[in-house]
Amino acid sequence: MWCHKILVAYDGSPASEKAIALAQAIARESPEIELVLVNIMRLVGGGMTGAGMDAVLADDAEAMRQHLLEVAANAANPTTVKVLSGTAPAELILRCVREEGCDLVIMGSRGKGGVGGYLGSVSYAVTKSSPVAVLITKEGDCR
């Protein structure tokens, strides 16, 4: 088995949906492969948001968490869901990789708000600093 534990970074984008599907396909190689589905609730510092915006961010994070819990409940492999909060998503993902002992990260090339054609800042930072392999999924059909 070439990997044992896969972290999937999820943000609701089509590329992150593909990341989940790809992780599940890889995990089908062995029932022992574990999946860690991670969503980042990005905190905005400096009083830039009001209480209403905080509620919207929390609602979005809860909706994504519920979606990931459904994915985990239907997964053939052992799957856990984590919602991490902070201001630096790449650092949170990398910390989770180390803490969970993951040996592969799968994430989208760009999440919500990314610029077409460019690797997103979070995926770039994770790829640059990751101690393990990072597999980047892209939107659309790559064939």
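User: Is Lys5 buried or exposed in this model?
Analyst: This is a predicted model in which local features need pLDDT of at least 70, side-chain atom pairs count only at pLDDT 80 or more, and totals for chains, interfaces and linings use all residues. Residues are numbered from 1 along each chain as its sequence is written, and side-chain values use heavy atoms, with hydrogens and water left out. Buried means under 20% relative accessible area, exposed over 50% and partly exposed in between, with a 1.4 Å probe and protein chains only. Because the relative accessible area of Lys5 is 14%, Lys5 is buried.

User: Which residues does Lys5 touch, not counting residues up to four places away in sequence?
Analyst: Lys5 lies in strand 1, where strands (E, at least two residues) and helices (H or I, at least four) are DSSP runs numbered from the N terminus. With contact taken as heavy atoms within 4.5 Å, Lys5 touches Glu34, Val36, Glu100, Gly101, Cys102, Asp103 and Leu104.

User: What separates the C-alpha atoms of Asp60 and Asp11?
Analyst: Asp60 lies in helix 2 and is partly exposed, with a relative accessible area of 41%. Although Asp60 and Asp11 are 49 residues apart along the chain, the separation of their C-alpha atoms is 9.7 Å.
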